[in-house]
Structures are given as C-alpha cells and as structure tokens.
Amino acid sequence: MEIFYQSDPVSSEVLQLMELAFGCVLIHVFALLGLAGATINIIVLSSQNITTDSSNILLISLSVADFVFCLTIPICRSKCIVSHVIDHPTAVIFDVFLTQNFTFFNRVFYYISITLVGAISAERFLVVFFPLRVISMLTPSRIKLLALSVYALNFALASSGFFCFGHGWIFSEYYNRSLAVLTITDFYRDNFDGVNVVITIVYNISVLGTSILLTLTLTPAIAVKLWLMTLKRQKMIQRKCSFDLQVAKILMVICSVSLLVYGPFVCYITTAYFTPGYSIISNSFKLYGIITDFSGTICASVNFLIYVTLSSKFRKHYTQLVSNLLPKCI
C-alpha cells in the first residue's frame, strides 16, 4: 500500500456532506427529470428524419447516452436510500457491489455526452461555415459511424477502470456476520501510475478537455456566423442553403449549456491530479464523481427544455405525441 498517497485535500467529513446533499436528494430528482426528458427526446426525434438528417442522428446519440446515464445513476447513488430500507450490513454489501461494478460504467455515458457535444459543435461549424462543401462529406452513414466511434472510444479509454476494484470479506463481531469490503485489484496495484495517467490525463483532461475546447472555440464562431446569416437570410435562401438556421441555433444552445456545466469540472480534475493524495480511490476523485454525476443529470434534464422551447418542429411532434397518448390514458 505504500504506492498510495497518505494525504488527501478533501476530508471524509466534506465528502460525506456532499454525498448527503447530492447523492441522497438532488441527483435522484434530476435523474428522474433527465430520464423522462431523454425518453421523450428519443421518441420525438426518432419520428423525424433519422435516416438522412445528420443533426437528428447526433442528437439521438446524445439522448441515448443521457438516458443510460440517468437510468444507472440512481442505482449507483442508492446507498443513502437503501440504508434506510434494509439493515446496515446488507446495505454495506450492496454499496460495495455497486462501487465495484458500476463506478466507471455509468461514468462512461457521462463522458460520451461530453464528447458528442464536441462532435456536434464541429459538425455544426462545418455545416454553418461550409454548407455547400460538406453535403457530400457529412453523409448520414458517416455521421452514424462518427457516433458509434464516440461510444467505442470512450469505452476503450475507460476500460482500465473496470479492472481496478474487487471485494473481500471480513467478519464483524458487532453484527456477528461477514461484511463485504472494497479492495483494489492486483492490476491496479501493479499499474497504479499508468491507470491514473490514462484515466485522468488521457481521458478526463485530453479527450474531454479537447471536446470542451472545441465547444468553447466553435460555439462563439457559430453564433457570430448565425447572426450575420440572419441579417442576410434572404440572400442565403436564394443560394439554397442546405441547413436550417433553427436547428443550428438549438445545437448552439445545447453546446453553450454543456460548456457552462461541464467546463469547470474538467478544470477541477486537472487541478486535483497534480494535488498530493490524488488517485481514483481518493476523496478528491470521489468528490469529482459526485459533482459530475449531478452536472450530468442537469444537462440531461435541460436538453428536453431546449428542444421543446426553441424548435417548433420538435414542439409540434411532441404535441402530437401527447395528443395521441392522452385518449389511451383516459
């Protein structure tokens, strides 16, 4: 155990308070909202032109990632609730099982959402600035391949995290039964520095930081271009512009919201990595997990509001969906 740092800037008391406020209440509330919103997004967007519209392909991919994240995060953060329903020893075993098997699984979908937002920013930039040139380049099949590549890349980069945790058993005289305890695997022990570098530097900072940097750089450029295009809309129509200004504006808002929510946490993990006591089992990383889980549920919840507020087409399909469902429910 000498390879692990003994100090940690985040105390157990602070971590416990954050877990109580976010893990027990806020994350669950926003996860339910995000789950409902992502489900509606998938249904409504799927009813539109999913086979030929590159924007819909990326938006559905983003909604799927949000859906899986919001579906799994209440399970991963259920320790506080479960401890009030079942006896404490069983709750401890349940928490160890969740930590061992789901710590990185649901986090991958959080990262996928960030990466997809960066991909959406790049795709919108090309479409807005080079509308006539990208028609043959951004084909639906290539956009689908891009979306699948984002999923595959994130799972590949996070794969080492799936082999870091194990569990053992100790006998508790207080409870007069065996309790599960979280342990680190030989793989993580032997590759401690390498795993931390891959997950934090390569994955969290480089890949996710690049996605956020793309969003930070391209979103203002798109906004300026859209403003100029609005002034010359009639001229753009005469040139048979190949994209919808409204769609571009929606995607720009999504990118802006994601940037505001995700950006600070990439800065946090970058700083935490160079702080003594950091590892993926440290309180600093656990705190990062709590606040990023909360931010992921916020983004998943907000996306639906963006679609239904700014897109008349989405609002029309959503209204039709609700109208068709109401008679069946009554």
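Two strands pair if DSSP finds at least two bridges between them. Helices (H or I, at least four residues) and strands (E, at least two) are DSSP runs, numbered from the N terminus. Keep in mind that this is a predicted model, where local features need pLDDT of at least 70, side-chain atom pairs count only at pLDDT 80 or more, and totals for chains, interfaces and linings use all residues. Residues are numbered from 1 along each chain as its sequence is written, and side-chain values use heavy atoms, with hydrogens and water left out.

So much for the ground rules. The protein chain has twelve helices and two strands, running α-α-α-α-α-α-β-β-α-α-α-α-α-α from the N terminus. Those strands, β1 (residues 165–172) and β2 (residues 177–184), pair in the antiparallel sense over eight bridges. Look across the pair and you'll find H167 opposite L182 in β2. Four residues lie between the strands of this hairpin, and N176 takes a positive phi near 55° there.

Now for the inside. Of the chain's 330 residues, 47% count as buried (under 20% relative accessible area; exposed is over 50%, partly exposed in between; 1.4 Å probe, protein chains only). A nonpolar core is a set of buried Ala, Val, Leu, Ile, Met, Phe, Trp, Tyr and Cys residues joined through side-chain atoms within 4.5 Å. The largest one here has 61 residues, and L62, F109, I112, L116, Y203, Y307 and F314 touch the most other members. Helices α1, α2, α5, α6, α8 and α11 each supply at least two residues of this core.

Zoom in on F109: beyond its neighbours within four places in sequence, F109 is in contact (heavy atoms within 4.5 Å) with A65, V68, F69, Y151 and F155.
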